[in-house]
Amino acid sequence: TLPANDRIDFTVGNLAGREIPPRARWVWAAPRHDPAARGQTVYFRRVVNLTRLPSAAAVVVTADHKFSLFVNGQEAGSGDEWEKPRLIDIRSRLVLGRNVFALRAEGAGAGDKQPRPAGLYLLARLRAEAGGAGQRGAKRWDFGSDAGWLCSTQKREGWEKVSFVPRGWRHATELGEAGMVPWRLEDPLAAAWSGAARYGRVRVALTDNDPLMSAMGRPNREHGVSRRASVATTLEALELTNGATLAGLLKDGSAHLLAAYPASGTALVQQLYTSALGRSPTPAEQRLAGTLVGNPPQQAGVEDLLWSMTMLPEFQLIY
């Protein structure tokens, strides 16, 4: 879970300047003092190979003047306020194997009153927890913008996709560290980076509401609530059985389970029961769930199993 407001200050305890990976740099296609940088549109690419799907994946990115971020050909986010770095959740766009991070960055326009150098800064935090079949330890694939990125000032068809071959592209030019003049964004970048590190530890009060939480009785945080009804309502039943919010979560969950256990329905069922109920399935449950999931497992079957387990009183009592 990420905070709904990606500009919340997480620099408690003077985190600023100490949690930013030192390898990330401001980059562009031209040297810092090249007048041609103003008004340029530059296309950047980097390919990352993932041996597992990350359980936490976010990027902190900003560009002077503005940017659009694409992950595997899908737009993941954009920004046009360089002094306010964006924190973007990208978990749903990652796949096993090759993943391409592509950015279109536009430099400050020629009509600006004060000429400014153009620059792009990106930090990516990709982590996979330990656990699961063949997954003996945690993994991390953190990286940042540096001279290892490829760039071009010429747009070509499919430039943001994995299949694109960047012939003629060259390595980006490193301009300097996060706190360099004129941007001086060391503190805001550290604040956004610390937010990315708080997956699963963000208070619900800082996240957006949705129909599921509303139906389940999430209170207005501006008012004190001394008691909440324990009897299920018709609205809760309808949202749990037909709501788009839960359906989307279960669909995403089935895709992650399939990626982790693509060949073994048995292992998938055992892991799901252990994670959801804290126990192994009984022989009867294993047979029934195995028939539903298939071997090798199919996404529709995994999704149906997740629906079934979510509706179990045992699951609802635990969570």
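A polar contact is a pair of N or O atoms within 3.5 Å; inside a protein, one of the two must be able to donate a hydrogen and the other to accept it, and residues adjacent in sequence count only if both atoms belong to side chains. In this predicted model, such a contact, 2.9 Å in length, joins the side chains of Q40 and W28. Q40 sits in the loop between β1 (26–28) and β2 (41–50). With a relative accessible area of 18%, Q40 is buried, because the cut-off for that class is under 20%. Beyond its neighbours within four places in sequence, Q40 is in contact with W28, A29 and A30, with A105, E106 and G107, and with T153.

The largest nonpolar core has 51 residues, and W28, F44, L69, I90, F101, L103 and L126 are the ones that touch the most other members. At least two residues of this core come from each of β1, β2, β3, β5, β6 (97–107), β7 and α1. The largest share, 9 residues, is supplied by β3. In soluble globular proteins, nonpolar side chains tend to be buried together.

Helix α1 (residues 186–196) is largely enclosed by the rest of the structure, since 8 of its 11 residues are buried. The buried residues are L189, A190, A191, A192, W193, S194, G195 and A196. They pack against three strands, namely β3 (56–71), β5 (86–89) and β7 (119–128).

The loop between β12 (173–176) and α1 holds P182, and R184 is found in that loop too. Backbone geometry is worth a look here. Most residues other than glycine have a negative phi, and most peptide bonds are trans. The peptide bond from V181 to P182, however, is cis, with omega near 15°. R184, a residue other than glycine, has a positive phi, near 50°. At 60% relative accessibility, R184 counts as exposed.

A positive phi, near 55°, is also found at N72, again a residue other than glycine. N72 belongs to the loop between β3 and β4 (74–79) and is buried, with a relative accessible area of 18%. A cis peptide bond also joins N295 and P296, where omega is about 10°. P296 has its place in the loop between α6 and α7.

The largest share of the lining, 5 residues, comes from α6. The lining residues are Y273, A284, E285, L288, A289, L292, L305, S308, M309 and L312. By class, 8 of them are nonpolar, 1 is polar and 1 is charged.

Conventions: Residues numbered from 1 in each chain as written. Predicted model: local features only at pLDDT ≥ 70, side-chain atom pairs only at ≥ 80, totals over all residues. Heavy atoms only, no water. Helix = DSSP H or I, 4+ residues; strand = E, 2+ residues; numbered from the N terminus. Buried < 20%, exposed > 50% of the residue type's maximum accessible area, 1.4 Å probe, protein only. Contact = heavy atoms within 4.5 Å. 1 Å grid on protein atoms, 1.4 Å probe; cavity = no way out; pocket = protein on both sides within 12 Å on 5 of 7 lines; lining within 4 Å. Nonpolar A, V, L, I, M, F, W, Y, C, P; charged D, E, K, R; others polar. Core = buried A, V, L, I, M, F, W, Y, C linked by side-chain atoms within 4.5 Å.
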